[in-house]
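Keep the sequence and the model side by side while reading.

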Amino acid sequence: MRCGWAATLVWACAALPAWALPSFEQVRADYRPSEVELLSREGEVLQRLRVDASVRRGTWQALADVSPALRQALLLSEDQRFYAHSGVDWTAVSAAAWGRLWHQRTRGASTITMQLAGLLDEDLRRGSGGRSAVQKVGQALAAQQLERQWRKDQILEAYLNLVPFRGEVVGIEALARTLFGKAAHGLDAQEAAVAAALVRAPNARAAQVAQRACGVLRALQPTPAPDCLALDMFASAALQRRAWAASEGVAPHFARQQLARAQAALAPGQALAPRLASTLRAPLQRFAVQTLAQQLRELRGRGVEDGAIVILDNASGELLAWVGSSGALSQAAQVDAVLARRQPGSTLKPFLYAQALAERRLTAASLLHDAPAQIATASGLYIPQNYDRQFKGWVSARTALAASLNVPAVRTLVMVTPEAFATQLQALGVPLAQTGGYYGYSLALGSSEVDLLHLANAYRALANGGRASAPAWQRGQRPQFTPALDARAAFIVGDILSDPLARARTFGTDSVLATRFWTAVKTGTSKDMRDNWALGWSARYTVGVWVGNASGAAMHDVSGTSGAAPIWAALMQFLHRHEPSAAPRPPQGVVRQALRFGADAQGMALEAPRSEWFLAGTEQAVFAIDSIAGSAYPASARGKNDAKPSIAAPTAGSIIALDPDIPPAHQRLWFEAQGSGGAALRWRIDGRIVGQGARWAWLPWPGRHHIELLDASGQVQDSLRLEVRGAGVAAAKARP
C-alpha cells in the first residue's frame, strides 16, 4: 500500500508541469532572437545588431522555410516514428529497456515531442547528471499533452527553433548562419546531416560529429555511398567557422542609436521588440553608403579614409539617411562621425551673415574690405587669411559669403561680436563647448567643434525660414518649430548660397556645387585640411557631408569642391531624379532693388550691376567707397598725409601669435605708416633695413623685435616694440 501511494505521488508530481505547458502561439510570441533588426520605412531590413551576448538565436523560422533535407535528416536521426506516435514512442521505450536489461547499446527512446517538452519547461530540463525518474515521467506526460494540444508541424517547427546545437548556438537559423553561412532553407544533404548529428551531441569532437553525420547521410542517400572522409573534412571546417557577424547591414551607427533609444523607452519588465522601425529610406541609405565609398576610393592617396552623411526631410525633420563611417575603408569604423565633434570651417558663415543681415548691420550688397587685417585681441593680434592666401579687395557681402572669403567674415563678426554669434548658434541647435569670448573672432572661421547632425539640422532651419526643430527619429512625429533666425535674413542667405555667379570668384562658374535644380550649398575646410564639409538644402531635403580622418590626421590637397561636395551633389541628384526643386518664395518684409556699384582706384566698377534682395528699409541704389586710397589707412590717419611720418600699425606692445596651421612662409604682418614720405619711407627691424614704402608686409619670426620707421634721409621718425609668439621658421631663413 505504501508503494502504491509513493507511485501515485511520483505520477502526480510529474504531471504538474504537463498542465502548465504553453500554447504554440504563446511560445512563438515569447520567442526572442539574440539580434534586433532595424527596418527601413519601406519595411526592409537595413541592419542586424546582436543584443544578447549569452546566446545566438536567429529569427523564428516557419517549418516551410526549413530545408526539406534537414527535416528528413532530423527525423531519421532523432525520431523515425514521429508522425506515428502520440508523444511517447513505446516501441523505442521497450527496446531501450530490453537493451539496458541485457547491457546492450540501443537507440534512445526520447522523442522530438519529449525533447521539446524539456525545452519548454525548466523543471523537465536535463541536468548534468541526466534526468531523474520524476523528470522522465513528467517529460512523457508533457509530451502526450503537447500532442493533444499542438499539431505535428507545430511541434517540429518549435523544436527546430528552440533546440541547442553547439555552444551558444540555438535554433536552426543561428546554426545555418553561423556554421554554413546561409539561410535555413538552403541547407543541402551534407549540411543537414551535420546539423542532425549536432542535435544528439552538441559539443562532441569534430570526428565524432562527422562519424554520426555519415550515418545520417547514408540513411538519407543510400546510393551512392557517402564519402565519409570528405564529410569528416567538411564537418571539421564547418565547426570552426563563425560566419554570422554580430552586426551586419548598411546602417550600423544609426541602428545603435535607435537601439539605445528603444531600450531607454522600455518600461520595467518590458521586453525589447525584435524589430525596430526607422525613418530611413532603404534605397537612399544604400546609395549614400555606395557614394561615400566610391568618392573615398577616388581620393585614395590623399590621406583621407573616413566620411559621414546625414540627410533630413526639411518639413518633418525625419532622418532619411545616416552613414557614420566608410566601413571597411576606415581604421575606426566603429566611430560614428555623424556625432563626432569637428571644426566646421566656413560652414558657420551663413549663420553669421544671416545674423548681421537681421540686425541690419549689413545688406547683401554692403561692401566689405577683403584685405589684410590685424584685429587686436586680449592675447595679441588676430590676422585672418583667406583659403587661397589671396585678397579680393572690396567685395559685396553676397560675394564674400558665396565665395567664402575669410577676412570679410571676420570683419562681420567684429560687428556682431563673438558672444552674440555664439548665442545665435545655440538658438539654432548648434551646441558649443565654450563661450563666444573663448573662441574670439576665429569663431567666424569655424574654430569651435560641432557634429554633423546638429550642423545639418541648423541648415535645415535656414531651409525652413529660420524656424528650428529637433531631428525626428520616428515617423509621424510632429515637429515643434521655434523661431531661431529672422525669416527674411534666412531667405536672403539661401538666395546667396544658390547663386553660382556669386561663388564664381572662388569656385568658378561651373563647379560641382551647381545643380540643374534649385539648391543652396556651402562648403568648409578646417585648418590644415583636417575636415572637409558640404552642407546645403533643396526645396525638400537637407544634406550634410563630412570627409576627413577619424584620427584627426590632415588630408592632402582635398578642398571643399574635391572632397565632400561631389558626394553632396550626387546625393542631391539622386533625391531629385524624379522630384523638382523650386526656389522658395520671398517672405514678407523683403524687397528687390536694382543697384550699381562705384569704381575702385583704377576706375573699374567694384561689381557688376544687379538686382538685389534687401530687408525692407535697408535698400539703396548705389554702393561705393568714398576714398579707395584713404581706406587703406585707419580713419584717424586720413587727411594727415602732410604730417610727420609715424607708425599707424601695428601698435606698440603688440603680441602677434603665429597660426600653427598656416605655413610660416604664407603669414604676413602689415606695417602701415601715416604722414608724409610715402614710398620713400623705410622700415628697420632690430637694426636691419628690411622694407620700404608707406605699407609693407613683413614675414614675422618669433621673438621680441624693435621696429623703426625711417624717412628718405635715414632719420628715425617713429619706433615701437612688439613680440611674435608661436612656432615659426628659423630666424636665419625667415629674414628677408
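The model is predicted: local features need pLDDT of at least 70, side-chain atom pairs count only at pLDDT 80 or more, and totals for chains, interfaces and linings use all residues. Residues are numbered from 1 along each chain as its sequence is written, and side-chain values use heavy atoms, with hydrogens and water left out.

The count of aromatic pairs comes to 20. Rings of Phe, Tyr and Trp (its six-membered ring) pair if their centres lie within 6.5 Å; planes under 30 degrees apart are stacked, over 60 edge-to-face, and the rest tilted. F287 and F574 are stacked, because their ring centres are 4.2 Å apart and their planes stand at 10 degrees. The pair links distant parts of the chain, 287 residues apart: F287 is in helix α13 (residues 282-298), F574 in helix α22 (residues 565-575). Helices (H or I, at least four residues) and strands (E, at least two) are DSSP runs, numbered from the N terminus. F287 is partly exposed, at 23% relative accessible area.

## Helix α22

How many of the residues of α22 are buried? The count is 8 of 11, so the helix is largely enclosed by the rest of the structure. The buried set is A565, I567, W568, A569, L571, M572, F574 and L575.

These buried residues pack against α13, β8 (306-313), β18 (520-525), β19 (531-537) and β20. Contact here means heavy atoms within 4.5 Å.

## T542 in strand β20

T542 is found in β20 (residues 541-548). This threonine counts as buried, because its relative accessibility is 0%. Its side chain makes a polar contact of 2.6 Å with that of N314. A polar contact is a pair of N or O atoms within 3.5 Å; within protein, one must be able to donate a hydrogen and the other to accept it, and residues adjacent in sequence count only if both atoms are side-chain atoms.

Leaving aside residues up to four places away in sequence, T542 touches V310, I311, L312, N314, A456, Y459, R460, A463, G536 and W537.

β27 pairs with β28 (residues 688-692) in the antiparallel sense over 4 bridges. Two strands pair if DSSP finds at least two bridges between them. The bridge partner of W683 in β28 is G691. The two strands form a hairpin with 2 residues between them, and D686 in the turn has a positive phi of about 55 degrees. β27 also runs antiparallel to β30 (residues 703-710), joined by 4 bridges. There, R682 has L710 as its bridge partner.

## Aromatic cluster and charges over rings

W683 also belongs to a cluster linked by ring pairs, together with F671, W696, W698 and W701.

The charged end of R695 sits over the ring of W670, 4.4 Å from its centre. The charged end of K152 sits over the ring of F82, also 4.4 Å from the centre. A charge sits over a ring if NZ of Lys or CZ of Arg is within 6 Å of the ring centre and within 35 degrees of the ring normal.

## The disulfide

The structure holds 1 disulfide (a pair of cysteine sulfur atoms within 2.5 Å). C214 and C228 form it, with sulfur atoms 1.6 Å apart. C214 lies in helix α10 (residues 206-220) and C228 in helix α11 (residues 228-240), so the bond ties together parts 14 residues apart in sequence. The S-S torsion is about -45 degrees, so the disulfide is left-handed. C214 is buried at 3% relative accessible area, while C228 is partly exposed at 31%.

An open sheet of 3 strands has the order β3-β5-β4, with mixed pairing. β3 (56-57) and β4 (164-166) stand at the edges with a single partner strand each, so one side of each lacks a neighbour in the sheet. β4 pairs with β5 (residues 169-170) in the antiparallel sense over 2 bridges. P164 stands opposite V170 in β5.

## Whole chain

The chain has 23 helices and 31 strands. Of its 736 residues, 51% count as buried. Among contacts with a separation of 6 or more, 70% join residues 24 or more positions apart.

Terms used:
Buried < 20%, exposed > 50% of the residue type's maximum accessible area, 1.4 Å probe, protein only.
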